[in-house]
Amino acid sequence: MQAQPSRILIVEDEQAIADTLVYALRTEGFATRHCQLGREGLDLALRGEADLMVLDVGLPDMNGFELCRELRRVNEMPVLFLTARSDEIDRILGLELGADDYVVKPFSPREVAVRVKRILRRFSQIPSQDPGSRPGQGGPFEVDPVRRAIRYCGRPLDLTRYEYELLAILVASPGRVFSRAQLMEQVWTHPEHSLERTVDTHIKTLRAKLRAVRADLDPIRTHRGIGYALEIPA
């Protein structure tokens with residue numbers, strides 16, 4: 001049976017841009033759907049009617065950042081931002097909200113299609129189910145790569161996709177110091193367009209979630225000027 005094409009939801013209020021994206025993505029074999037309002041796009045995403053969202057930041061009814069923030073409360077669908085803004089602060093905000101990539105207008109529709117493919121390929125790289133597989137152990141950490149879940153001191157952690165991937169990398173190599181650039185390369189879809197501050201922000205939220213379980217432990221160590229490492233408590 002032929003696999004169903006990935007479903008791309010385009011949330012863009014400029015019809016000409018949307019038409020160009022629809023054509024480019026359909027040419028690459030994607031199933032596309034377009035809406036002009038953020039609230040409609042959010043509703044479609046929450047109903048599970050798309051596999052990836054191409055999201056314009058400047059929408060008539062709600063800001064794209066606001067839409068992404070609401071989506072991320074309950075859904076880890078990949079998001080590619082489209083925006084006319086190129087300021088660093090906007091890129092930082094988009095990435096910290098959980099965007100997978102960020103394209104500044106004017107852009108090549110072909111480039112957007114390539115980035116969509118790359119995001120979906122990375123997002124789908126989850127280890128296949130193996131009945132004999134067991135979660136990996138790392139001191140107080142238990143990593144289940146099949147379910148993409150981590151338990152800490154016996155308690156499950158409520159992690160975003162990026163938080164899970166960062167912590168799983170650190171747990172897999174305790175004591176090893178990873179630079180921010182190395183973590184970005186392994187976790188983010190388009191690291192050359194991301195910012196190292198994004199790693200710091202996600203490490204900060206990870207630490208808060210770990211402290212909520214064990215306030216007396218701080219397993220993530222900062223190596224100033226270098227990066228981060230995980231120390232397994234005795």
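# Exercises on a predicted model: sheet and salt bridges

The count of salt bridges comes to 18, where a salt bridge is a side-chain nitrogen of Lys or Arg within 4 Å of a carboxyl oxygen of Asp or Glu. The structure is a predicted model, in which local features need pLDDT of at least 70 and side-chain atom pairs count only at pLDDT 80 or more, while totals for chains, interfaces and linings use all residues. Residues are numbered from 1 along each chain as its sequence is written, and side-chain values use heavy atoms, with hydrogens and water left out.

## Exercise 1

Determine the strand order of the open sheet of 5 strands, and state which strands stand at its edges.

**Solution.** 

Step 1. Strands (E, at least two residues) and helices (H or I, at least four) are DSSP runs, numbered from the N terminus. Two strands pair if DSSP finds at least two bridges between them.

Step 2. The order is β2-β1-β3-β4-β5, and the pairing is parallel.

Step 3. The edges are formed by β2 (31–35) and β5 (101–104); each has a single partner strand, so one side of each is left without a neighbour in the sheet.

Step 4. On average, neighbouring strands of this sheet are turned by 20 degrees against each other, direction ignored. Such angles run from 0 to 180 degrees between N-to-C directions, with axes being lines fitted to C-alpha atoms, for helices over the stretch in contact.

## Exercise 2

Describe the pairing and burial of β3.

**Solution.** 

Step 1. β3 pairs with β1 in the parallel sense over 4 bridges, and L55 in β3 is the bridge partner of V11.

Step 2. β3 also pairs with β4 in the parallel sense over 4 bridges; here V54 has L80 in β4 as its bridge partner.

Step 3. β3 is mostly covered, as 5 of its 5 residues are buried. Buried means under 20% relative accessible area, exposed means over 50%, and partly exposed lies in between (1.4 Å probe, protein chains only).

Step 4. In a regular strand the side chains alternate between the two faces of the sheet. In β3, L52, V54 and D56 point one way, M53 and L55 point the other way, and all are buried.

## Exercise 3

Identify the strands across which helices α2 and α5 lie.

**Solution.** 

Step 1. Helix α2 (residues 38–46) lies across β1 (7–11), β2 and β3 (52–56), and runs at about 160 degrees to β1.

Step 2. Helix α5 (residues 109–123) lies across β1, β3, β4 and β5, and its direction is at about 175 degrees to β5.

## Exercise 4

**Solution.** 

Step 3. R180 lies in helix α7 (residues 180–187) and D200 in helix α8 (residues 196–213), 20 residues apart.

Terms used: Contact means heavy atoms within 4.5 Å.
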